[in-house]
Amino acid sequence: MSELTAGETKYLRKKLGRKPSAFELDVVSAEWSEHCSYKSSKKLIRKFPNRSKFVIPGLASDAALLDIGLGYVLAIHIESHNHPSAVEPYGGSATGVGGVIRDILSLGARPIALLNALRFYPLDNANKRYSQSSRWLLRNVTKGIADYGNCIGVPTVGGEVEFDRGFSNYCLVDVAAIGISKREKIIRNRSNKRDIVFLVGGATGRDGIHGSSFASKKLSGEDRSAVQIPDPFTEKLLIEAVLEAVDRGCVNAMKDLGGGGLSCCLSEISETISKGLEVDLSKVHVKEDGMSPSEIILSESQERMLVITSQTNQAYLTEILSKYNLSYSNIGSVIEGKNLVIKYAGDVIMNLPSELICRAPLIDRDTIPPESKSEDRNLYFRERPSDLYKSILKVLANPNIASKKWIYEQFDHEVGIRTVLKPGTADSSVLRLENGKYLAVKLDGNSKQCDLDPYHGTMCILSEVCRNIISTGGKPLAIIDHLQFGSPENAHIFWAFKQSVRAIINYCEFMRLPVVGGKVSFYNENNLGPIKHSPVIGSIGLIDRSEWIMMPRFGSEESIFIIGNTKDEMGGSEFYETTGRAGNGKVPIVDLNDDMRNAKAVLRLIREDVVSSLHDCSKGGLAITLCEMAMRGGNNFQVDLDKIPNSCSSISNLLFSETPSRYILSTNKRKRLNTMLSAISGLEFSEIGMTTNNGSESFLHHSKLNSPVILTQKNITDSYENLGTIMERTPVD
Amino acid sequence: MSRVGILVFPGSNCERDVFTVLSKFSGLEPELVWHTKNDLRGYDAFIIPGGFTYGDSLRAGAIAAHSPVIRELKKISEENLPILGICNGFQILVESSLLPGALTVNSSHKFVCKSARLVVKNNSTPFTTMFKKDESISIPVAHGQGRYVIDNRAYRKLERNNQIVIRYAQNDINGSMNNVAAVCNEQGNVMGMMPHPERAVWIQMDQDIRPEGSGVFESLRNHLLWH
């Protein structure tokens, strides 16, 4: 089954000087699929800045490596499993977790944390059929991630969930993993002639054949046979066995098996070690008899790793594998040259340069800007205190804003005893590291804004993810990205992709942040059309001292400050979405200078110990930010909205605009904080009110309102629990 | 120094956490013991940590409960050595009949990971002497099969013998019979608990979790010191 285009077939024939065999075509078309080859995106994403003093260059292939001091390195990687999760949410999401864990393991690092970013159709919308399917997807995706992550003992420490009508009968499941290692233990992927190639772990079966080709076209029908079957127990054994083997120095080179199975793994590792490989497929341990060589080499069966070891260390390796009862087969050896030689029962059935297999001819896709989707106008909205009160509770109850407790309580987020800030407590998750420092990590996305304006939408995500790191006290170190779009063959979609890439380059160059890992996923479409553009951005940051760890939790009798200006930027806002105005308004624009100035100011305040609590102001706007801080701290607020620096044309815009680069903080050292902020030229900030602990009511005052908007702790909390309420109302879908 | 053996099975995943925590308590010397080891002599106490031994195949703890090392452990339990099972360790202890009752799927049918408020009902076991009777503590839980069930007559016997060591102080954890969170055997030397004390030892940023799990390990240390 060849998936090659006419042009690619011609290119291959020319390179070979002959007609390729059916087997060769199978191998090449797996590797040349969009999923494995990045043929549409490679030229563009090569331009991402990728250097900084923390990045360890030239080592990582599967995941990036960062030097975090005292001999420790961090590995980070992101993957998605969108197509499989949309047809088989349990298996699809679980194997997504397994895949990203093995990417970290390939480097010789111990996985210490998982995060996920999920996108679904609204759970409770007018279209009952789509909502029901969405609840089914959410339930099973959550269970899939939980059952896998919990079993392997890697905590799922954080994530991000978005519900939008752009995801009918579909979902996006992104999983990121972080690993830690001592620098000297990292696998360098150096191998010598006659080294032995082991295939370790799960047996190879007919599951997931053509999975990467499946993921490289639109979803049509429900091709469940292309979805792999998860076995977290084997993965757990694989993790422990591989790390023990790394520790004993018996791994020369290593690679996980993912999309494209052995065909991609063998060709890519052969290129990485700059040597040839000779492998006999008949030696692979299989699940069933009668598998053809093509089926064996293309199978995407899970929980498998390729380990290359020396002749002398072979016995140590197999001893460790036996200790863990792991199956393995000695499938071949490293040879002179740079060819991948595939045999079956002794007969050579393929002998091609690895480079030819690995490097698909790249494609320049057309781009055409679409007509503007968003109408840049402001909408009239009644603004009596009671209207504003209702709107605030409605936005709080929107599952995009509401607590994700129903999801994260199903994930073991504490195993490893290093989770300092857990899901639901702060703007990013914070982990204790072996070197005495703390790691802040977060994923973010916003398909609503990106759909209206992919450039500024992507900018907003970048700004938000960095603010989330800063709001827990971290200094952003690096960015990872996952760009999820529809078909790149559609010139409008490819235009949007390019805009998103341009935003990442511009933001990261300005902020001097390296992009240390990424992934592109195209063809996210079903019979109803493409998804909204959904880049997901992750960031990690370091916090040097535990005193600098910040939480969004109002204490009592503290002064409340806002940093940053609020503008009429309602495009893609949760307020417009909740009140039926989606598609209107201007997508917020990140002013890079403001963004950096505000970030630096906040980090300085933290280090000078003048901040009691801190929260980034983003999805849902100012009103939601205040409510969250009140709820988490169990204290109330009195805020004078007139004091907020703004250029808004209405009170609701002031309350709900999602203008980036803003922070809300509380302090009991208002004088010092005032002095420090006043000294920064160009910084917009103001003291806007006080926190209180008397009674249970919070107040928002405005000169144009004849009475304040009054919110009680109970109203806020009840609305905020809405996601769980929806999911428990219909326990089975 | 008291040697504490931490039994490790394929699929255990809290053994390093327990090891790290125990090594912070002076007087305790933790050691990871791989499940194929058939001689358990020379240890002063054992802990079976949490995890998913054998991937929870059949039932949580069922396969590990039939391994040779548990047969050895049963012999040792008769010598009054303290044995603590945490989470999956508790499941293994009930599956191997070292403790009465059974642990089955949570009534929510979902895995639950959160901080749980608890009440210590028996403070005379080797793992609870540092607590006051009826003391309220918070320790996180993380399990999918933690609902404790037992027949009524056996339950009454547990109550009579003071074998219900810890109860949940809230009803929304897993649907355990009368909120049972930890039980011990008749002699009191074997205890199983669903909450993870090793996860509540360091002060976390989260105010909901105080270092109240330490009491379990401090109690064990004191017990080993004086016995």
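This is a predicted model: local features need pLDDT of at least 70, side-chain atom pairs count only at pLDDT 80 or more; totals for chains, interfaces and linings use all residues.
A helix here is a DSSP run, H or I, of at least four residues, and helices are numbered from the N terminus.

Let's begin with the cavities. How many of 30 Å³ or more does the structure hold? Five.

Take the largest cavity. Its volume is about 120 Å³. The lining counts 14 residues. Nearest the centre lie A:Asn565, A:Asp594, A:Asn598, A:Pro660 and A:Ser661. By class, the lining of this largest cavity splits into six polar, five charged and three nonpolar residues.

Now the second largest cavity. About 80 Å³ of space lies in there. Which helix gives the most to its lining? Helix H17 of chain A, residues 454-470, with four residues. Among the lining residues of this second cavity are A:Cys460, A:Ile461, A:Glu464 and A:Arg467. Others in the lining include A:Asn446, A:Gln449, A:Ser618 and A:Lys619. A:Glu658 and A:Pro660 line the second largest cavity too.

Helix H18 of chain A covers residues 491-511. The axes of H17(A) and H18(A) come within 8 Å and cross at roughly 40°. Parallel or oblique? An angle under 35 degrees would count as roughly parallel, and 65 to 115 as roughly perpendicular. H17(A) and H18(A) are therefore oblique to each other. The crossing is right-handed. On the H17(A) side, the contact includes A:Pro454, A:Tyr455, A:Thr458, A:Met459 and A:Leu462. A:Ser463 and A:Cys466 of H17(A) also take part. From H18(A), the contact residues include A:Trp495, A:Ala496, A:Gln499, A:Arg502 and A:Tyr507. Sorted by class, this contact has eleven nonpolar residues, five polar and one charged.

Last, another pair of helices. H2 of chain A runs over residues 22-31, and H10 of chain A over residues 261-273. Their axes lie 9 Å apart, at an angle of about 80°. H2(A) and H10(A) are therefore roughly perpendicular to each other. Which residues of H2(A) meet H10(A)? A:Val27, A:Ala30 and A:Glu31. On the H10(A) side, they meet A:Ser263, A:Cys264, A:Ser267 and A:Glu268. This contact of H2(A) with H10(A) has three nonpolar, two polar and two charged residues.

Technical notes
Residues are numbered from 1 along each chain as its sequence is written. Chains are lettered from A and ligands numbered from 1 in the order in which they are written. Side-chain values use heavy atoms; hydrogens and water are left out. On a 1 Å grid over the protein atoms alone, a cavity is a set of points where a 1.4 Å probe fits but cannot get out, and a pocket is an open set with protein on both sides within 12 Å along at least five of seven lines; lining residues have an atom within 4 Å of a point. Grid points are joined across faces, edges and corners, and a volume is the space filled by probe spheres set on the points. Ala, Val, Leu, Ile, Met, Phe, Trp, Tyr, Cys and Pro count as nonpolar, Asp, Glu, Lys and Arg as charged, and the others, Gly among them, as polar. Helices (H or I, at least four residues) and strands (E, at least two) are DSSP runs, numbered from the N terminus. Axes are lines fitted to C-alpha atoms, for helices over the stretch in contact, and angles run from 0 to 180 degrees between N-to-C directions. Angles under 35 degrees count as roughly parallel, over 145 as roughly antiparallel, 65 to 115 as roughly perpendicular and the rest as oblique. A crossing is left-handed if the near helix is turned anticlockwise from the far one by less than a right angle, and right-handed if clockwise. Contact means heavy atoms within 4.5 Å.
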